[in-house]
Amino acid sequence: MLYKLALKNIKKSVKDYSIYFFTLVIGVIIFYVFNALDSQTAMLSVSESARDIMVLMNTFLSGVSIFVAIVLGALIIYASNFMIKRRKKEFGVYLTLGMSKRRMSTILLTETFLIGVISMVIGLFLGVVMSQFMSVAVAHMFEADMSKFTFVFSGKAAVKTIIFFGFMYVVVMIFNTIAVGRCKLIDLLYGGKKNEKLKVHNPVLCLIVFVVSCAVLGRAYYLVTTGFSVDQMFSPKDLVKVIIMGAVSTFFIFWSVSGSILTIATKMKGYYLKKLNSFTLRQFSSKANTMVLSMTVICLMLFLTIVLLGSAISLTYSMNSSIKDNIPKDLQVIRHIYEGDSVPESGLTDTLAAEGLDMSSLKDIEAMNVYSSEGLTMGDTMGEYIESALNYYTFVTEDAEEDVMSVSDYNRLAKVFGNESIELGEDEYAVFADLSIVKEARDNALKAGRKITYRGRELSPALDKCIESPFQLNINKCNAGVIVVPDSLVEDATVRLNMFFADYVADNKEDRESEEKYINDFISSHYQNDDITEWRIFFTTKEVMKAGSVGLGAMATFVSLYVGVIFLIASAAVLSLKELSESADNIERFAVLRRIGTDEKMIDRALFKQIGLFFFFPMLFAVIHSIFGLRAASKILEIFISDGMGLAIFVTALIIVVIYGGYFFVTYFTSRRIIKG
C-alpha cells in the first residue's frame with residue numbers, strides 16, 4: 001500500500017516538477033563525465049610531456065569535484081525543501097485520515113530512494129555515453145593518436161558518483177523526515193494559503209541605499225579595472241575587500257529595487273493599470289522581497305559563470321593561436337652571464353658540444369647575444385610615458401635596466417620569428433616588444449621622438465612604434481621590450497645572454513619524438529641544477545611549451561566548464577523550483593482572473609512576464625558585473641590573452657541561452673500547465 005502510494009506520488013511529482021528530476025540527472029552526468037577523464041585519457045597515445053600535463057589536469061579536476069559536490073549537495077537539499085513545502089497540504093490530509101508520521105516518513109523515504117535510483121541509473125548511462133565524446137575532445141586538444149580508441153567505462157568515476165549522490169540522498173531522507181515530523185497539522189493543511197508579505201520600503205530610504213550601493217559598486221569596478229595593479233589583484237587582502245564591496249552592494253541594490261519597484265510602478269498609471277501589469281508587478285514584488293538574499297547569491301553565481309567561461313575560452317583560443325607564431329623553432333638554449341662572471345671564451349654551441357650534445361641532430365641554428373644596458377633604464381627610454389604601465393607589473397619600474405641587442409642579432413632573431421629585417425643609422429635605435437600595456441607606453445615615447453643615450457652616444461627613434469615580436473620561445477606575450485642599437489655600439493659591450501634557436505633534423509613524428517627524448521635526457525643528466533659550473537644554461541623545447549600551453553588551456557576550459565555549468569544549472573534550477581512552487585500556490589488567484597473574464601492569452605502573457613522578471617532580474621546585474629569582471633580577468637591574464645574575447649563572449653552567451661533560457665521556457669510551460677490544473 002505504502003509502496004503503491006509512493007509510486008503514485010513520484011509520477012505526480014515528476015509531472016509537475018520535471019525540472020527537479022532533470023537537474024538530478026544532469027548533476028550525475030556532469031559529475032561522472034569530469035571524474036571519468038582520468039580513465040578516458042589514460043588510453044590516449046600522447047607524448048611524455050602531454051602525459052604529465054594530463055595527470056596534473058586530472059588531479060586538479062578531482063580537487064574541483066569536492067567543491068562541485070558541495071554545490072550540488074546544497075542544490076539537492078534546497079530543491080527537496082521546496083518539494084516538501086509544496087506537499088504540506090497532502091501530508092496534512094494523510095494525518096487527518098489517521099496515517100502516523102512514521103508511515104508518512106516511510107513514504108517519503110521510499111520516494112526519495114526511488115527517485116535517487118532512477119536519476120542515478122539514467123544519469124550514469126548518459127554520462128558514460130557523453131564521456132566518450134569528452135575523450136575525443138581531449139584527444140583533439142593534445143593531438144593524440146586515436147587509432148587505439150576504445151569504449152571506456154570508468155568504474156572509479158561511477159563508484160565516486162554513486163557514493164556522493166547516495167550520501168546526498170541519505171541526507172535528504174533525514175532532512176525530509178525531520179521537516180515533516182516537526183510540522184503541526186494546522187500548518188500542513190493551511191501552509192499553502194499563507195501569503196508572502198508585501199513589503200513596500202520607504203522610497204526615500206530605498207533611494208539613499210540604492211545610490212550609496214551604486215557608489216560602492218562603482219568603486220569596486222574602478223579598483224579591479226584601473227585602481228589595482230596586477231600584484232594587488234593577487235593580494236588576498238585587496239581581493240577580499242573588493243569581493244565584500246561587490247557582494248554587499250549587490251545585496252542592497254536588490255533590496256532597494258525590490259522594495260521600491262511597486263511604489264515606482266504605481267506612479268506610472270498608464271503602465272501600471274494596463275492589462276494585467278498591476279497583478280504581475282504585485283506578484284513579482286511580493287516574492288522579490290523574500291528572495292533578496294537568494295537573488296544576490298544567484299546573481300553572483302551567474303557572474304562567476306560568465307567570467308569563468310569567457311576567460312577560459314578566450315585563454316584557450318589565444319594560447320592555441322599563439323603556438324605557430326611564438327614557437328617557430330624546436331629548441332632554444334639560453335646562457336645567463338651574471339655580473340661578476342667572466343665572459344666565456346667559447347660560444348654556446350661549442351660549450352654544449354664539449355659537454356656531449358650531438359649538434360648534428362640540430363639544423364638551421366641561429367645564435368645571438370643580449371648585452372648589458374650599462375645604466376640605460378626603462379625610465380630613460382619611456383620617460384613620463386612609463387606612468388601608464390607602472391601599475392600593471394612589478395618588473396616595470398623607472399630604474400629597471402633594459403635589454404640591448406645589436407641590429408645584426410635582431411635580424412637573425414627576426415628570421416627565426418618570420419619578421420622583416422631592419423636597418424639602423426649610427427645615431428638611431430629601435431624597440432621590439434609584444435606585451436601590450438608596456439608596448440603602448442613605448443609606442444607613445446617613440447612617437448614623441450624620445451631620445452636615449454647608450455654608451456655615450458645619443459640615439460633617436462628609427463621607427464615611430466615598437467616592432468611587435470617575441471624575444472624567446474614562449475606561448476605568452478611577455479616581452480616588455482628590447483632596445484636594438486647599431487652594431488658599432490656593442491663591439492666591446494658586456495654580454496648578458498648567449499642564446500640560439502634550432503630545429504631538429506628529423507622530419508617524421510617518430511624520429512622527432514626520439515630527438516626530443518634525447519634532448520630531454522641530455523638536459524636531465526647535465527643540468528639538473530640548471531647550471532654548468534658557473535654558466536647558467538636553460539633549455540626550452542617546442543614540444544614542452546606546446547604541451548604546457550595545451551594543458552593549461554585544457555585545464556582552464558574543463559574547470560571553467562565544470563564549475564560554470566554547475567553554477568548555471570544551480571541558479572536556473574533554484575529559480576525554476578521557486579516559480580513552480582509559486583505557480584502551484586497561485587492556482588486560485590489565476591482562477592479568479594478567469595472568473596472575472598480575463599482571457600487565457602492575457603493570463604499566459606502575465607505569467608510569462610512574471611517568470612521572465614525573476615529570471616531577467618539577477619541575470620541583468622550579473623551581465624553588468626561581468627563586463628568589469630572580464631576586463632579585470634583580461635588585465636590579470638594579459639600575457640596569455642591577446643585575442644579571442646569576442647569568440648569567448650559569443651560561446652559563453654550561447655551556453656547561457658541554451659541552459660538558462662532552456663530552464664526559463666520549461667518553467668514557463670510547466671507553470672502554465674499547473675495554473676490551468
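## Helices α2 and α24

Helices α2 and α24 run roughly antiparallel to each other, a label for angles over 145 degrees, with under 35 counting as roughly parallel, 65 to 115 as roughly perpendicular and the rest as oblique. This is a predicted model, where local features need pLDDT of at least 70 and side-chain atom pairs count only at pLDDT 80 or more, while totals for chains, interfaces and linings use all residues. Residues are numbered from 1 along each chain as its sequence is written, and side-chain values use heavy atoms, leaving out hydrogens and water.

For α2 (residues 18–35) and α24 (residues 645–675), the axes come within 10 Å and cross at roughly 150°. Axes here are lines fitted to C-alpha atoms, for helices over the stretch in contact, with angles from 0 to 180 degrees between N-to-C directions. Helices are DSSP runs (H or I, at least four residues), numbered from the N terminus. On the α2 side, S18, I19, F22 and T23 meet Y663, V666, T667 and T670 of α24, contact being heavy atoms within 4.5 Å. That set splits into four nonpolar, four polar and no charged residues (Ala, Val, Leu, Ile, Met, Phe, Trp, Tyr, Cys and Pro count as nonpolar, Asp, Glu, Lys and Arg as charged, and the others, Gly among them, as polar).

## Two partners for α23

Next up is α23 (residues 600–636), whose axis comes within 8 Å of that of α9 (residues 203–227), crossing at roughly 25°. That angle makes α9 roughly parallel to α23. The crossing of these two is left-handed, as the near helix is turned anticlockwise from the far one by less than a right angle; clockwise would be right-handed. From α9, L217, Y221, V224, T225 and T226 meet I624, H625, F628, R631, A632 and K635 in α23. By type, the residues of this contact come out as six nonpolar, three polar and two charged.

Helix α22 (residues 587–595) also pairs with α23: their axes come within 10 Å and cross at roughly 145°. Here the crossing is right-handed. F590, L593 and R594 in α22 touch E600, I603, L607 and Q610 in α23, giving four nonpolar residues, one polar and two charged.
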